[in-house]
2 protein chains.
Amino acid sequence: MERLASTLRRIGSLDGEAMQAARARQNQLTKPRGALGVLEEISIKIAGITGDPRPAPGRKAVIVMAADHGVVIEGVSLYPSEVTAQMVLNFLAGGAAINVLSRHAGAAVRVVDVGVAVPVEGEGLVSRRIRPGTANMAAGPAMSREEAVAALEVGIEVAEEEIARDVALLAAGDMGIGNTTAASAISACITGLDALEVTGKGTGIDERGLERKVSVIRQALEVNRPDPSDALDVLCKVGGLEIAGMAGVMLAAAAARRPVLVDGFISAAGALAAAALHPHAPDFMLASHLSVERGHAVILDRLGLCPIIQANMRLGEGTGAAMAFFMVDASLKILAEMATFDEAGVSGPEEASPH
Amino acid sequence: MERLASTLRRIGSLDGEAMQAARARQNQLTKPRGALGVLEEISIKIAGITGDPRPAPGRKAVIVMAADHGVVIEGVSLYPSEVTAQMVLNFLAGGAAINVLSRHAGAAVRVVDVGVAVPVEGEGLVSRRIRPGTANMAAGPAMSREEAVAALEVGIEVAEEEIARDVALLAAGDMGIGNTTAASAISACITGLDALEVTGKGTGIDERGLERKVSVIRQALEVNRPDPSDALDVLCKVGGLEIAGMAGVMLAAAAARRPVLVDGFISAAGALAAAALHPHAPDFMLASHLSVERGHAVILDRLGLCPIIQANMRLGEGTGAAMAFFMVDASLKILAEMATFDEAGVSGPEEASPH
């Protein structure tokens with residue numbers, strides 16, 4: 001609990017002066033004002049996050065939190081729980097989508113077992129298993145409050161290790177069969193929306209499967225009655241160990257003034273929990289993409305985050321964030337490397353204004 | 001004319017067998033089917049374009065076509081025509097957004113003067129000036145039919161040179177003060193929509209400027225009465241030299257079975273003209289992003305292309321395409337490098353289907 005509390009205490013706010021300086025420079029670069037859209041905004045936000053008016057691209061890492069979900073017993077997913085452990089091994093072997101995309105982006109992948117049901121080990125795995133998956137939230141709390149805090153603190157700890165290795169840009173990804181169900185339950189609870197509004201087809205269930213999933217989520221909320229104003233209560237009753245872990249990664253990034261990429265819907269649920277734990281947490285987040293899971297747009301809107309990529313992705317693992325790494329570095333290079341109107345001898349728009 | 005005709009004759013259609021093989025492999029990779037969305041679709045389309053069921057990433061180049069527009073005299077842009085030449089020099093010096101982003105993406109930038117008003121020269125410039133900018137289309141044809149063909153053939157020629165250098169992925173970018181006006185006129189004419197539906201604020205004019213721009217476009221269409229079914233007639237009467245050049249790049253790519261990225265609205269107007277010249281041309285195109293220019297979405301919809309990035313960009317130059325280079329390579333690496341369910345020992349969805 002102390003690690004979480006001290007992390008929350010260290011979270012500040014954006015550096016307005018650095019942002020103003022970055023914006024002023026963006027406006028002097030040889031392009032119409034605002035013409036690079038989101039790319040300009042990212043660089044300005046990162047100036048505010050880091051306090052550096054011209055931040056340089058640096059090392060990148062995606063932290064993939066893996067855990068299982070007892071609620072899978074209710075038939076909410078197409079895949080069996082064993083796939084979580086199998087995919088963890090796939091991550092360690094370098095054969096999963098997140099490996100391919102992170103190699104392409106020049107980012108490290110850190111895989112963390114925060115609660116995989118089946119015992120799993122392998123070179124490179126960060127083993128921090130708090131319990132072998134959550135309990136079935138449709139029948140009672142997914143975990144205890146202490147376990148939720150422990151999962152958050154695993155995320156904080158791993159993120160702090162990456163930051164100590166001079167990682168400048170973090171991302172939080174997930175693996176966990178059944179975790180769209182937990183993400184939807186968290187979203188419904190914190191936003192106050194009906195489960196239907198924030199529940200999608202996950203790995204690919206059909207319409208009947210979706211109905212069942214929505215009713216399982218409603219039941220979980222009914223049985224547990226999590227307090228929407230208490231993020232720890234929400235996380236322990238209807239959350240997931242990896243979702244809490246991702247929230248921890250985001251809080252640690254905020255505390256260390258490092259930008260952190262939110263990946264897909266599960267990662268966004270972690271972001272929502274992080275924002276409920278500290279209102280300034282979203283100031284340090286960037287939304288990488290908009291997935292097809294309907295709850296994702298709801299959360300990003302709630303957090304005031306604008307996704308960079310819209311590519312119908314719905315895989316998780318951090319794959320959307322891996323794609324966005326390139327965009328973030330691009331935005332920083334634009335700010336740092338482009339010529340100004342003066343430097344390039346290009347006429348600005350004022351000279352052409354009709355009078 | 002012969003170069004254009006022979007290019008059009010060489011354009012074939014997508015290789016269905018290669019696409020089927022690529023799709024079959026995508027479905028065996030360790031992820032739910034379709035979970036990588038557009039990334040999967042890109043790799044499958046490129047398999048069809050190249051005829052290779054597992055195409056490897058290769059060299060990349062963006063061809064930036066620069067030219068001026070006589071219609072600027074009508075006050076349709078915030079910037080004076082001289083900026084076109086100034087920006088060409090900025091491209092050659094490496095200080096523009098397209099330089100920064102192409103370096104980041106590992107792509108070459110080829111700058112072509114196909115009709116800049118002010119004489120411009122510099123190391124690396126491909127000088128193929130057909131005329132010093134178009135004539136004012138609000139008063140008469142922008143250029144002659146022969147000049148439009150010559151501009152198309154410049155695009156074809158430069159693209160063929162890049163292809164001869166083993167460039168595997170092309171992009172067509174633009175520079176030309178006033179060219180959103182020409183792009184809107186082309187779009188209105190070919191789609192049959194009113195100018196208002198396909199006209200935006202370009203480099204940043206205000207509401208009154210937009211009204212003026214729309215009325216100038218209506219006047220140009222009224223004065224010239226281009227034949228919507230004759231792409232060359234449209235290009236010469238209300239087009240631009242760089243737009244015709246970009247259409248040429250896209251046709252050459254199609255003829256050589258190389259994927260070509262459409263950039264923003266101007267590039268899309270070139271794509272629309274290319275599609276009017278050969279109905280299979282869009283089969284070889286990929287849409288990089290969706291700009292804020294309202295005509296852009298209209299054209300992509302018409303061409304059946306789905307943009308990868310939605311980042312409120314509206315700069316042109318090929319900057320959206322430069323961002324998309326990374327995505328395209330990512331899609332090819334996913335197809336080539338990811339482990340299959342069998343290879344990774346991961347259970348597929350069938351085993352979990354409820355019976």
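Q: How many residues of domain 1 of chain A are in contact with domain 2 of chain A?
A: In this predicted model, 19 residues of domain 1 of chain A are in contact with 28 residues of domain 2 of chain A.

Q: And which of those domain 1 residues lose the most area to domain 2?
A: That would be A:R3, A:L4 and A:I49, which together make up 30% of what the domain 1 side buries.

Q: OK, and where do the two domains sit along chain A?
A: The assignment puts domain 1 at 2-54 + 336-344, and domain 2 at 59-330. Their C-alpha centres lie 27 Å apart.

Q: How much area do they bury between them?
A: About 2,100 Å², with 68% of it on carbon and sulfur atoms.

Q: Switching to charges: how many salt bridges does the rule find across that interface?
A: Two salt bridges turn up between domain 1 and domain 2 of chain A.

Q: What does the side chain of A:R3 meet in a salt bridge?
A: The A:R3 side chain pairs with that of A:E160, at 2.7 Å, N to O.

Q: Which helices supply at least two residues of the domain 1 side?
A: Both α1 (2-10) and α3 (38-50) of chain A do. The largest share of that side, eight residues, comes from α3(A).

Q: What about the residue classes there?
A: The side of domain 1 that touches domain 2 has nine nonpolar residues, plus five polar and five charged.

Technical notes. Residues numbered from 1 in each chain as written. Chains lettered and ligands numbered in written order. Predicted model: local features only at pLDDT ≥ 70, side-chain atom pairs only at ≥ 80, totals over all residues. Heavy atoms only, no water. Domains from an automatic or database assignment. Contact = heavy atoms within 4.5 Å. Buried area = accessible area lost by both parts, 1.4 Å probe. Salt bridge = Lys/Arg side-chain N within 4 Å of Asp/Glu carboxyl O. Helix = DSSP H or I, 4+ residues; strand = E, 2+ residues; numbered from the N terminus. Nonpolar A, V, L, I, M, F, W, Y, C, P; charged D, E, K, R; others polar.
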